[in-house]
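Student: I have a structure open and would like to go through it with you. Can we start with some side chains and work inward?

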Amino acid sequence: MDNRSYYDDFANWYERDRGVGYHKMLDDLELAAVRRYGEGKDILEAGCGTGLLLGRTLEFAKSSTGVDLSAGMLAKAKARGLSVTQGSVTELPYADESFDLVFSVKVLAHIENIEGALSEMARVTRPGGYVLAEFYNTHSLRYLIKSLKPPTAISNATNDEAVFTRYDDAAQVRSYLPDDLSWEGSRGVRIVTPTAFVHKIPLVGSAFRAVESALADAPIARDLGGFLIAILRKR
């Protein structure tokens with residue numbers, strides 16, 4: 001299934017269980033990185049989906065813009081009153097050096113032309129600005145569990161194995177970078193969580209959240225996150 005059709009199909013289920021437990025933890029840890037580098041800045045979310053994270057960036061950004069391939073996802077983002085445009089991460093519909101920060105979460109893992117996507121994200125970033133690019137990490141507990149568990153439904157018609165998915169470790173991500181992006185560091189999201197279910201258990205979920213927050217930027221663990229956020233700077 002092509003990416004546009006997959007996410008159009010996913011749109012009606014995408015926000016189920018969001019805003020609580022496991023998914024809220026992921027969103028909060030990802031957004032913390034965006035805030036760190038984007039406070040008071042012009043921000044673009046490449047692959048904004050229904051606008052859940054993009055809407056929260058309005059709390060601290062100078063301006064927030066989103067782009068997504070899926071009309072189904074964008075319909076929900078527009079209903080939130082967000083500034084969004086339909087387009088591809090590999091061909092962003094913006095002029096050179098339009099933003100101070102470009103970020104993308106849970107999107108680049110589904111892009112075959114990853115070098116092209118990173119080049120486009122760099123192109124629309126101003127010199128000295130940042131690109132935060134999240135990948136699915138092979139060096140992680142999540143990768144091991146995903147390789148063993150059955151597919152997860154994303155609608156009544158299909159599951160998460162219906163779309164192209166890539167897994168990359170930090171070294172592989174570095175090899176994809178265009179010349180105008182430098183590696184500044186990384187942030188690990190979901191390092192020790194075995195399954196989403198543990199975040200539904202009182203006290204246990206809080207304990208896992210505290211540990212995940214403590215390890216996200218720890219040098220010994222940040223490259224072990226199931227979701228690996230590469231922190232990149234435009235030269």
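Student: Is Lys24 buried, exposed or partly exposed?

Tutor: Lys24 is partly exposed, with a relative accessible area of 34%. Buried means under 20% relative accessible area, exposed over 50%, and partly exposed in between (1.4 Å probe, protein chains only). Before we go on: this is a predicted model, where local features need pLDDT of at least 70, side-chain atom pairs count only at pLDDT 80 or more, and totals for chains, interfaces and linings use all residues. Residues are numbered from 1 along each chain as its sequence is written, and side-chain values use heavy atoms, with hydrogens and water left out.

Student: Which residue does Lys24 form a salt bridge with?

Tutor: Its partner is Asp28, and the closest N and O atoms are 2.7 Å apart. A salt bridge here is a side-chain nitrogen of Lys or Arg within 4 Å of a carboxyl oxygen of Asp or Glu. Asp28 is buried, at 14% relative accessible area.

Student: How many residues apart are Lys24 and Asp28 in helix 2?

Tutor: They are 4 residues apart in helix 2 (residues 21-38), so about one helical turn separates them. Helices (H or I, at least four residues) and strands (E, at least two) are DSSP runs, numbered from the N terminus.

Student: Which residues are linked with that pair in a network of salt bridges?

Tutor: Arg56 and Arg209 are linked with Lys24 and Asp28 in a network of salt bridges. The count of salt bridges comes to 15.

Student: What about Arg123, which side chain does it meet in a salt bridge?

Tutor: Arg123 meets Asp96, at 2.7 Å from N to O. Arg123 lies in helix 5 (residues 114-123) and Asp96 in the loop between strand 3 (84-86) and strand 4 (99-104), so the pair ties together parts that are 27 residues apart in sequence. Asp96 is exposed at 52%, while Arg123 is partly exposed at 24%.

Student: Back to helix 2. What span should its 18 residues have?

Tutor: They should span 26 Å at 1.5 Å a residue, and the end C-alpha atoms are 25 Å apart, which agrees. The expected span is 1.5 Å times one less than the number of residues. Helix 2 is followed by Gly40, which has a positive phi near 75 degrees.

Student: Now the inside. Which residues touch the most other members of the largest nonpolar core?

Tutor: Leu44, Leu108, Leu118, Met121, Phe135 and Leu232 do, out of 29 residues in that core. A nonpolar core is a set of buried Ala, Val, Leu, Ile, Met, Phe, Trp, Tyr and Cys residues joined through side-chain atoms within 4.5 Å. Helix 5 gives the most to this core, with 5 residues.

Student: What is in the second core?

Tutor: That separate core has 23 residues, including Tyr22, Leu29, Ala33 and Tyr130.

Student: New topic: what is phi of Lys106?

Tutor: Phi of Lys106 is near 55 degrees, a positive value in a residue other than glycine. Lys106 lies in the loop between strand 4 and helix 5 and counts as buried, at 19% relative accessibility.

Student: And where is Arg190?

Tutor: Arg190 is in the loop between strand 6 and helix 8 (204-215). Arg190 has a positive phi of about 65 degrees, although it is not a glycine, and at 8% relative accessibility it counts as buried.
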